[in-house]
Amino acid sequence: MAERTATRYVFGTAFEREEERLALGEALWDPGTFERLAALGAGPGWRCLEVGAGRGSVAGWLAERGAAVTAVDLDTARLDRLRARGVAIRRLDVTRDDLPESTYDLVHARLVMQHVGDRAGAVARMVRALRPGGHLVLEDTDTASLFSHADGLFHPEVKRAAYAVMTAAGYHPRCGLLDVGLAEEAGLADVRADGRAEVVRGGTAAGRWFALWLEHLRPNMLALGSVSEVDIDRAVADLADPRHTWLSQVMITVTGRKAAAP
Ligand SMILES: C[S@@+](CC[C@H](N)C(=O)[O-])C[C@H]1O[C@@H](n2cnc3c(N)ncnc32)[C@H](O)[C@@H]1O
């Protein structure tokens, strides 16, 4: 039997501005996600499973379009308000817990696979949850482009320290690209992938998402010892400065279909 270790989610640690950080991430990435899910036809009559739903913007949007939606996460405290909008909420770990089988027209997970240990196992569970012909949509980032700046790379030592903390907790900084192989190896048909990136200006709402990312990781970065408070303060100040623009990560969307029953 496979060993069942506790899931470590790097942002599962206490941070008083986590709700705000999640909301800023939604504002940055939702338009591209909604465009792609709408293009698949997600809407009335669809049964949808939103995995690692966070504070639930995608689940809420699918419900507004008339889909029957279940939202699952390790921590469902931020999702409770969606019950009033007809969304079913379940607390579960997608690497360990069973999902209903052959049920959903769409299973979507954004910024989730990059954090989990057993990615192939999680994808296999999500594929089993699809009805034949249903769509799996995985969205994860590739971080190679992050903090590309007109003057070179923005605060490379801080970027390195942040990703060292995340990688130690099981995160994969190139997961967006890994998702292509995961979808193919899970036997999905019509696997397609695209990427989108944002040019972010310091001091904007989008810029604050990056600053709060560093603030959440600050204690663990300091514990690692490769950067100081001053290094992190400088990076956070530059992220708040409207004279700076930088490139985000690339958000890679991978879609594939479960083969229809013969
Ligand atoms: C970075 S947040 C992304 C939230 C949301 N998908 C979004 O894009 O706005 C990652 C979410 O995945 C959840 N998560 C992480 N590991 C998980 C797991 N093994 N099973 C279920 N949810 C998980 C976290 O609790 C968190 O809410």
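How many bridges join strand 8 (residues 189–196) to strand 11?

1. **What we are looking at.** This is a predicted model, in which local features need pLDDT of at least 70, side-chain atom pairs count only at pLDDT 80 or more, and totals for chains, interfaces and linings use all residues. Residues are numbered from 1 along each chain as its sequence is written, and side-chain values use heavy atoms, with hydrogens and water left out.

2. **Strand 11 and its partners.** The answer to the opening question is 6 bridges, and the two strands run antiparallel. Strands here are DSSP runs of E with at least two residues, helices are runs of H or I with at least four, and both are numbered from the N terminus. Two strands pair if DSSP finds at least two bridges between them. Arg192 has Thr255 of strand 11 as its bridge partner. Strand 5 (residues 130–142) also pairs with strand 11, in the antiparallel sense over 8 bridges, and here Glu139 stands opposite Thr253. Of the 8 residues of strand 11 (residues 250–257), 6 are buried, so the strand is largely enclosed by the rest of the structure. Buried means under 20% relative accessible area, exposed means over 50%, and partly exposed is in between (1.4 Å probe, protein chains only).

3. **Helix 6.** You can check this helix with a simple sum: the expected span is 1.5 Å times one less than the number of residues. For the 20 residues of helix 6 (residues 205–224) that gives 28 Å, and the end C-alpha atoms are 28 Å apart, which agrees. There is still a kink of about 55 degrees at Arg218, shortly before the proline Pro219. The bend at a residue is the angle between axes fitted to the seven residues ending there and the seven starting there. Buried residues of this helix include Trp209, Phe210, Trp213 and Met221. The buried residues pack against several elements, among them helix 1 (18–40), helix 7 (229–239) and strand 10 (245–247); contact means heavy atoms within 4.5 Å. Just after the helix, Gly225 takes a positive phi of about 90 degrees.

4. **Helix 4.** The same sum works for the 13 residues of helix 4: they should span 18 Å, and the end C-alpha atoms are 18 Å apart, which agrees. Its buried residues, including Val158, Tyr163 and Met166, pack against helix 6 and helix 7. Gly170 follows helix 4 with a positive phi near 105 degrees.

5. Ser102 has a positive phi near 50 degrees, though it is a residue other than glycine, and it is partly exposed at 46% relative accessibility. Thr103 is buried, with a relative accessible area of 15%. The side chain of Thr103 reaches the backbone oxygen of Glu101 at 2.7 Å. Leaving out residues up to four places away in sequence, Thr103 touches Arg47, Ala129, Leu130 and Arg131.

6. **Cysteines.** A search of the whole structure finds 0 disulfides, where a disulfide is a pair of cysteine sulfur atoms within 2.5 Å. Cys48 is buried, with a relative accessible area of 1%, and Cys175 is buried at 0%.

Technical notes
A polar contact is a pair of N or O atoms within 3.5 Å; within protein, one must be able to donate a hydrogen and the other to accept it, and residues adjacent in sequence count only if both atoms are side-chain atoms.
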